[in-house]
Amino acid sequence: RGATSGEKTERLKQYMEQCIQLLRSLVKERDQSIVDRIMGFVRKNYRNPALKIQDIAGEVHFSTAYLSYLFKKEMQKNLWDYVTELRIEEARHLLNTTDKKRYEIAYEVGYESPEHFSRMFKRYVGVSPAEYRKDSQGVSG
């Protein structure tokens, strides 16, 4: 004796829900894999002052719009904010561990202008590079 029409409908519904869940998890894995590639590319290239979102998009073969959407969806932050955070973190490290001048650090972490570097540093850290260096040296010495 076969299943009733209602039972068949319920099985089909459960099967479709399982398929949808599987597809969602596959898309999530694919998206995370793409974001991992994006982050790897950015980590290798953030010191390049000519780095553009088009370069990053070309690396993963997506439009800049989709790249920006996907990165924000997966990371809850703007792609260019991620680039800036890497640059500022490296600048903090260099300010703490070297005697390099502000303009040298600016160029080394990917800024073409020491003034732009200082503005971005202050926006992200809350103090200027000079104040940051002075504060960090004051604590350690």
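**Salt bridges and helix contacts**

Let's start with a pair of side chains: K28 and E74 form a salt bridge, 3.1 Å from N to O. This is a predicted model, so keep that in mind throughout. The pair ties together distant parts of the chain. K28 sits in helix α1, E74 sits in helix α3, residues 64-75, and 46 residues separate them.

Buried or exposed, what is E74? E74 is buried, because its relative accessible area is 8%, under the 20% cut-off. K28 is partly exposed, at 46% relative accessibility.

How many salt bridges are there? The count is 8. Here is another one. K77 pairs with E85, and their closest N and O atoms are 2.7 Å apart. Both ends are partly exposed: K77 at 24% relative accessibility, E85 at 28%.

Next, R92 and E89. Their closest N and O atoms are 3.5 Å apart, again a salt bridge. Both residues belong to helix α4. They are 3 residues apart, about one turn of the helix. R92 has a relative accessible area of 26%, so it counts as partly exposed. E89 is partly exposed too, at 48%. Salt bridges with shared partners also join K28, R30, D31, K73 and E74 into one network.

Now the helix packing. Helix α4 covers residues 79-97, and helix α6 covers residues 114-125. Their axes are 10 Å apart, and the packing angle is about 95°. That makes the two roughly perpendicular.

Which residues of α4 meet α6? They are D81, T84, E85, I88, A91, R92 and L95. On the α6 side we have F117, M120, F121, Y124 and V125. By type, this contact has 8 nonpolar residues, 1 polar and 3 charged. Two names come back here. E85 and R92 are both in this contact; E85 also bridges to K77, and R92 also bridges to E89.

Stay on α6 for a moment. S118 lies in this helix. S118 is buried, because its relative accessible area is 14%. Beyond its neighbours within four places in sequence, S118 contacts R102 and P129.

Last, α1 against α4. Helix α1 runs over residues 5-45. The axes of α1 and α4 come within 10 Å and cross at roughly 40°. That makes α1 oblique to α4. The crossing is right-handed.

From α1, the contact takes in I38, M39, V42 and R43. From α4, it takes in L79, Y82, V83 and L86. The tally is 7 nonpolar, no polar and 1 charged.

Terms used: Residues are numbered from 1 along each chain as its sequence is written. This is a predicted model: local features need pLDDT of at least 70, side-chain atom pairs count only at pLDDT 80 or more; totals for chains, interfaces and linings use all residues. Side-chain values use heavy atoms; hydrogens and water are left out. Axes are lines fitted to C-alpha atoms, for helices over the stretch in contact, and angles run from 0 to 180 degrees between N-to-C directions. Helices (H or I, at least four residues) and strands (E, at least two) are DSSP runs, numbered from the N terminus. Angles under 35 degrees count as roughly parallel, over 145 as roughly antiparallel, 65 to 115 as roughly perpendicular and the rest as oblique. Contact means heavy atoms within 4.5 Å. Ala, Val, Leu, Ile, Met, Phe, Trp, Tyr, Cys and Pro count as nonpolar, Asp, Glu, Lys and Arg as charged, and the others, Gly among them, as polar. Buried means under 20% relative accessible area, exposed over 50%, partly exposed in between (1.4 Å probe, protein chains only). A crossing is left-handed if the near helix is turned anticlockwise from the far one by less than a right angle, and right-handed if clockwise. A salt bridge is a side-chain nitrogen of Lys or Arg within 4 Å of a carboxyl oxygen of Asp or Glu.
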